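Hi,

Here is the structure we talked about handing over. Have a look at it first, and then read on for what turned up.

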Amino acid sequence: MVLNKVGRDIPEEYAEVYGVYEGEDANIKEYSEASRQIKPVHPRDEKLLGSIREAIEKTGLKDGMTISFHHHFREGDFVLNMVMEEIAKMGIKDISIAPSSIANVHEPLIEHIKNGVVTNITSSGLRDKLGAAISEGIMENPVVIRSHGGRARAIARGDIKIDVAFLGAPSADAYGNANGMKGKAVCGSLGYAKVDAKYADKVVIITDTLVDYPNTPISIPQTDVDYVVVVDAIGDPSGIAKGATRYTKNPKELLIAEYASKVITNSPYYKEGFSFQTGTGGASLAVTRFMREQMLKDGIKGSFALGGITNAMVELLEEGLIEKIMDVQDFDHPSALSLDRNAGKHYEIDAVMYASPLSKGSVINQLDTCILSALEVDTDFNVNVMTGSDGVIRGASGGHSDTAYAAKMSLVITPIVRGRIATIVDKVNTVITPGTSVDVVVTELGIAINPNRPDLIEHFKDLKVPQLTIEELKEKAYAIVGNPDPIEYGDKVVALIEYRDGTLIDVVKNV
């Protein structure tokens, strides 16, 4: 075993391949960008094909290759399952899949794993039954979990080599120009798909709305696309917002949001032109509402909002309270429509520009503050958003470690307990974001400021919000629900957790 910087033991066989986490900036070095194979298209060549099967045949997909998908349709996605079903029917085996994330709707992957069609997975997250199956040890090879910035880095550097990208697009023309702003299944930004299209050897656009050439605005250009396939439906738009954008009436969540808003609007970063990224959960949306009220009162306007975008952000834009939205993904229908309606102010970016630590400057580097969630936070401020209290994989790394490190002030919001389980604990089950990246933890009982930010401790000494140490918050959580029982893990490593730089910050074992 090799001990990394956050005190996690990494098995030597994986440490030798990936390296171990040694600090947020320790492995950020110059690199040579990945290359791709390009088959030139001649003047009278046709890209439009008759079926997914024909596209699979034309790309030359065979056993042992790597394919990718995006998750902009979230729980409404049809594309991954359609493509994998066809691959299975064709008898192709030993496929590595590299989707930007995996949702509950992708449960059919379990059978493809059992049948040997899928033998490797890398993704930002795993949900529901697939996450549970992985945690039980269904796969021979461990899943590799990467943050959104880490995935973009891995593709750009060549750590993930995509042979074929199958990318659902709400609209496309026959030459491959695609966007997410028009069509039957509007999803808005295609920020994660844009990276796959740029670096994959072969790119197949799958759409249910074929439009006349040229399809503008262009999110994915014809110069990155090999083939286009039209199907009846690529997804259910209602699934994009499922579970992500609920407005809360929960008093506990509202109190957390009020405290978080007070921290932000009383911080040294709250001034004309400040920038921020919130989230999509109930408490995060409530933070945006509280901030709006204070911004109106103070006459303060923000420069830009970033990240997964919701209608709450669009409302701030259209009210003139922020100047720009930088959008890598949309979490509801109104924000997807805004991308077209507010062109020029609501701007689509790809995942490299969003959060890659190896780019020439990601947008997260310009963030003043960000709001992040947590399944667990420990007394070292380490955050877990991947495994539940039972050790089962049921979450996603997302942009958590990316934005926590890059923003000038990062806030992690969480209730003290969730479902009779403590969320402030001695040691988190799985480290996704190191505690050195977390500045303030916000709960309904008050806030805990990281001791490595004495400037914030001094600045907030008179803030009218209860202030405790992280140890005191943990003791209050344990006083409510008792000390958690240790999880009984097996010996098999089922997931490797990469930090955003590509080194291993943790591993997950079978339960």
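**Salt bridges and other findings**

A network of salt bridges links R146, R153, R157, D159 and E498; a salt bridge here is a side-chain nitrogen of Lys or Arg within 4 Å of a carboxyl oxygen of Asp or Glu. Before going further, please note that this is a predicted model, where local features need pLDDT of at least 70, side-chain atom pairs count only at pLDDT 80 or more, and totals for chains, interfaces and linings use all residues. Residues are numbered from 1 along each chain as its sequence is written, and side-chain values use heavy atoms, with hydrogens and water left out.

R153 is buried, because its relative accessible area is 1%, whereas D159 is partly exposed at 39%. (Buried means under 20% relative accessible area, exposed over 50%, and partly exposed in between, with a 1.4 Å probe and protein chains only.)

The structure holds 24 salt bridges. Among them is the one between K114 and E111, at 3.7 Å from N to O. These two residues are three apart in helix α4 (residues 109-114), so about one helical turn separates them; helices are DSSP runs of H or I with at least four residues, strands are runs of E with at least two, and both are numbered from the N terminus. K114 is exposed at 55%, and E111 is partly exposed at 42%. Another salt bridge joins K461 and E458, at 2.8 Å from N to O. There, K461 is exposed at 52% and E458 is partly exposed at 47%.

Next, D439, which sits in the loop between β23 (424-425) and β24 (440-443). D439 counts as buried because its relative accessible area is 5%. Its side chain makes a polar contact of 3.3 Å with that of R453 (a pair of N or O atoms within 3.5 Å; within protein, one must be able to donate a hydrogen and the other to accept it, and residues adjacent in sequence count only if both atoms are side-chain atoms). Beyond its neighbours within four places in sequence, D439 has contacts (heavy atoms within 4.5 Å) that include K408, M409, A448 and L456.

Finally, the cysteines. How many disulfides does a search of the whole structure find? The search finds zero, a disulfide being a pair of cysteine sulfur atoms within 2.5 Å. C187 is buried at 1% relative accessibility, and C370 is buried with a relative accessible area of 1%.

Best wishes
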